[in-house]
Amino acid sequence: MGIYEELQERGLIAQVTDEAKIRDLVNNGEAIFYIGFDPTADSLHVGHFMALCLMKRLQMAGNKPIALIGGGTAMVGDPSGRSDMRMMMTEETIQHNVDCFKKQMSRFIDFGEDKALLVNNADWLLGLNYVEFLREVGPCFSVNNMLRAECYKQRMEKGLSFLEFNYMIMQSYDFYVLYNKYGCNLQFGGDDQWSNMLGGRELIRRKMGLEEQDAKAQSMTITLLLNSEGKKMGKTQKGAVWLDPEKTSPYDFYQYWRNVDDADVMKCMRMLTFVSLDEIAQMETWDDSRINEKKEILAYQLTALVHGEEEAAKAQATARAIFSGAGDSENMPSTEVPADMLEDDSVNIVDLMLLAGLVKSKSEARKLIQQKGVSLGGEPVGSHEDRVTRAQLEEGAIVRKGKKVFRKFLLA
């Protein structure tokens, strides 16, 4: 089985421009491919995870990845899948985010000599002369076709800014530059990027004066990671699930995957892990009584990919200790409580829950407590007015929300 067939069997391929050509490229290790990442935050998140795993799979099969960080396109903002305009970032913020991305990507991609490239489109986009750029690229794009693109439809009703309208042209220009400079012959992206990706391929074809059947550059989209309800995975009550351990701890990362819906476990196993297809096929024969075993394997595999085997083992041991009732662990996620939060040597339980992000509002906390959904030290919290003492915080006060969320509170 070639790598292309494996990607198909894992359910990763959504749309392709020329299947036969793409299959030959990747199966023969001849693809020089790129995936773009706009640095809109100071960490990659689960939404980027599948793309990073795909780059790793293809590199292992002998292909050469180009990780394109959008330091230039981030100055504009991608309107795809959005109902409003992104906040504009300063060049300093973008550069900081770019530096953070580089460090995290090296966990997945081998940037050794001539094995992969990491480039920043700010290097060619920010220095462009506007009129020259329009003359070079503008004639290759039909405004009518652009307005029909899925990435713009959602914004048309509320208003699409001219700034964002340029995004497709800029992303297309990226492919054109990478094709000419590095011989890049294949672009990957999320399925919501299809219109932008076709724009880049068409730009290369027209600039080279080729017929459609002779196109040298190809595009392929990756299936979006959706749960059984059709919603994008990677979000929690506290927001995105980040790859940065300072933003989402290895334990919380592990727990996110340990708690995925039963219906999504095997899909995530196929699409995200490097567990062999034969092993996955064997797991699919297990009866329902082994669902938690599957979830543990999924959570461990993904945590090890992002944070390493040691952190994955710690997270698994912590989860098992907590949920078996054998006691807490030093690796349990914790929150430090500033001393100035205490009044009369104690602090309100609701305020602690808000501090740790366990709830979004006081009313949500009160409702949970009323429903007996919060416990302190193993005992249900009786009232939203209950308080946690300084002595309890000095020892480490354990708060449980529902059946699966634990937090240790310590006095700072």
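**Aromatic pairs and nonpolar cores**

This predicted model has nine aromatic pairs.

Start by selecting Phe33 and Phe188. Their ring centres are 5.4 Å apart and the planes stand at 90 degrees, so this is an edge-to-face pair. Phe33 belongs to strand 2 (residues 32-37) and Phe188 to strand 5 (residues 186-190), so the pair ties together parts 155 residues apart in sequence.

Next, select Phe49 and Phe108. This aromatic pair is also edge-to-face, with 5.8 Å from centre to centre and 85 degrees between the planes. Phe49 sits in helix 3, while Phe108 sits in the loop between helix 4 (91-105) and strand 4 (117-120), so the pair ties together parts 59 residues apart in sequence. Phe49 is buried, with a relative accessible area of 0%; for Phe108, also buried, the value is 3%.

Now widen the view to the largest nonpolar core, which has 69 residues; Phe37, Phe49, Leu225, Trp257 and Leu272 have the most contacts inside it. Helix 3 (residues 46-60) gives the most to this core, with nine residues. Apart from this core lies another, of 28 residues, among them Tyr34, Leu125, Cys184 and Leu203.

Select Leu225 and its surroundings. Beyond neighbours within four places in sequence, its contacts include Val46, Met50, Trp257, Met271 and Leu272.

Finish with two charges over rings. Lys56 lies over the face of Phe274, 5.8 Å from the ring centre. Arg290 lies over the face of Trp286, at 3.7 Å from the ring centre.

Definitions and conventions:
Residues numbered from 1 in each chain as written. Predicted model: local features only at pLDDT ≥ 70, side-chain atom pairs only at ≥ 80, totals over all residues. Heavy atoms only, no water. Core = buried A, V, L, I, M, F, W, Y, C linked by side-chain atoms within 4.5 Å. Buried < 20%, exposed > 50% of the residue type's maximum accessible area, 1.4 Å probe, protein only. Helix = DSSP H or I, 4+ residues; strand = E, 2+ residues; numbered from the N terminus. Contact = heavy atoms within 4.5 Å. Phe/Tyr/Trp six-rings, centres within 6.5 Å; stacked < 30°, edge-to-face > 60°. Lys NZ or Arg CZ within 6 Å of the ring centre and 35° of its normal.
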